Structures are given as C-alpha cells and as structure tokens.
Amino acid sequence: MENRNERIFDFCDKKKNFFVASVFGAKQFITFYILHLLSTNPMYGEAISKNVSELLSNLWQPSPGFIYPILKRLERHGLLKGEWDYTETHPRYLYKLTDKGKEEYAKYKEVFSTKLDELVVVLNKVRNEIFDK
C-alpha cells in the first residue's frame with residue numbers, strides 16, 4: 001500500500017525552490033520585473049527570461065510559455081513596443097519600454113517595494129516561529 005504522507009511533500013524533492021517559484025513566479029512580480037529590466041535597455045524575450053533566472057539564483061526558471069504571454073499582454077496595453085531586429089544571424093524580436101510603460105513602472109515601483117518589505121517581515125516571522133531563529 002502506498003504511503004500517502006510521502007506524496008504530500010514531493011515538491012521538496014524538486015530542484016526548483018518552491019518558495020522562490022511561488023512568490024517570484026507570480027505573474028504580478030514577473031510583469032513588474034520585466035518593466036524594471038526594460039527601464040534601462042531594450043531586450044529580447046530570451047534575455048529577459050535569463051535575467052529572471054539569474055535574479056533568482058537559478059532556483060526557478062520561467063518557461064517561454066510563461067514569459068511570452070506576459071510580454072504580449074504588456075505590448076497590447078501599450079507598455080512595451082516590440083520590433084524585429086535583423087542585425088543578427090536570425091531575426092529577433094526586441095522589446096522596448098514605451099513612455100506609458102515608464103510611467104507605470106515608476107508608479108508601481110514604490111508599491112512593489114512596500115509589498116516586498118511586507119513579505120520579508122512575514123517570511124522572517126515564519127522562519128523564527130518554525131525554526132526558532
């Protein structure tokens with residue numbers, strides 16, 4: 001007979017960190033982080049995905065199926081402008097932040113700072129409660 005308790009915590013055995021994935025893998029955070037990345041330089045979707053992975057110490061890596069729909073939604077809302085770049089061996093779609101995107105990024109930067117600070121407080125409380133640290 002199968003021991004059901006072993007299956008409950010299967011997520012602990014995966015290589016990705018489930019805390020990182022659940023917090024930073026949320027579309028809201030990734031959407032904001034994309035605006036942050038593009039606030040300084042235009043980027044390709046692949047470079048955006050790589051930057052997300054690097055920020056999260058490769059504990060979670062967004063798939064193209066996660067990143068590209070967000071990019072397309074931001075483009076539809078006028079926050080990003082994409083255009084084909086033919087300067088490389090194969091064409092690539094380059095995303096740039098629009099003026100509207102810059103305004104939204106500035107508007108929500110303080111909100112995300114506050115929310116992230118709140119998260120850190122909660123995580124520290126949980127850590128102290130469970131692990132007596």
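Okay, let's start at methionine 43, which sits in strand β1, residues 43-44. One thing to keep in mind as I go: this is a predicted model. So, is methionine 43 buried or exposed? With a relative accessibility of 14%, methionine 43 counts as buried, since the cut-off for that is under 20%. And what does methionine 43 touch, if we skip its neighbours within four places in sequence? You get Leu37, Leu38, Ile48 and Asn51, and then also Tyr93, Leu94 and Tyr95. Take tyrosine 95 from that list: methionine 43 and tyrosine 95 are 52 residues apart in sequence, yet their C-alpha atoms are 5.4 Å apart in space.

Let me step back to the whole chain for a second. We've got six helices and three strands, and if you read along the sequence the pattern goes α-α-α-β-α-α-β-β-α. There are 133 residues in the chain, and 29% of them are buried. If you take the contacts between residues at least 6 apart in sequence, 50% of those join residues at least 24 apart.

Now, helix packing. In general, you describe two packed helices by the angle between their axes and the distance between the axes. The pair I want to show is α3, residues 27-38, and α4, residues 45-55: their axes come within 11 Å and cross at roughly 110°. Who makes the contact? On the α3 side it's Phe29, Ile30, Tyr33, Ile34, Leu37 and Leu38, and on the α4 side it's Ile48, Asn51, Val52 and Leu55. Sort those residues by type and you have nine nonpolar, one polar and no charged.

The largest nonpolar core has 23 residues, and the ones with the most contacts inside it are Ile30, Ile34, Leu38 and Leu80. Which elements supply at least two residues each? Those include α3, α4, α5, which is 64-76, and β3, which is 92-97. The largest share comes from α3, with eight residues.

Staying on α4, have a look at serine 53, which is in that helix. Serine 53 is buried, at 8% relative accessible area. Outside the four places on either side in sequence, serine 53 touches Asn58, Trp60, Gln61 and Pro62. Then compare serine 57, which lies in the loop between α4 and α5. Serine 57 is exposed, with a relative accessible area of 55%. If you check backbone torsions, phi of serine 57 is near 50°, a positive value in a residue other than glycine.

Last stop is lysine 100, in helix α6, residues 99-131. Lysine 100 is partly exposed, with 44% relative accessible area. Which residues does lysine 100 touch, not counting those up to four places away in sequence? Those are His77, Gly78 and Leu79. A polar atom of the lysine 100 side chain lies 3.0 Å from the backbone oxygen of histidine 77. As for glycine 78, its C-alpha is separated from that of lysine 100 by 6.7 Å, and the two are 22 residues apart along the chain.

That's my tour, so over to you for questions.

Technical notes
Residues are numbered from 1 along each chain as its sequence is written. This is a predicted model: local features need pLDDT of at least 70, side-chain atom pairs count only at pLDDT 80 or more; totals for chains, interfaces and linings use all residues. Side-chain values use heavy atoms; hydrogens and water are left out. Axes are lines fitted to C-alpha atoms, for helices over the stretch in contact, and angles run from 0 to 180 degrees between N-to-C directions. Helices (H or I, at least four residues) and strands (E, at least two) are DSSP runs, numbered from the N terminus. Contact means heavy atoms within 4.5 Å. Ala, Val, Leu, Ile, Met, Phe, Trp, Tyr, Cys and Pro count as nonpolar, Asp, Glu, Lys and Arg as charged, and the others, Gly among them, as polar. Buried means under 20% relative accessible area, exposed over 50%, partly exposed in between (1.4 Å probe, protein chains only). A polar contact is a pair of N or O atoms within 3.5 Å; within protein, one must be able to donate a hydrogen and the other to accept it, and residues adjacent in sequence count only if both atoms are side-chain atoms. A nonpolar core is a set of buried Ala, Val, Leu, Ile, Met, Phe, Trp, Tyr and Cys residues joined through side-chain atoms within 4.5 Å.
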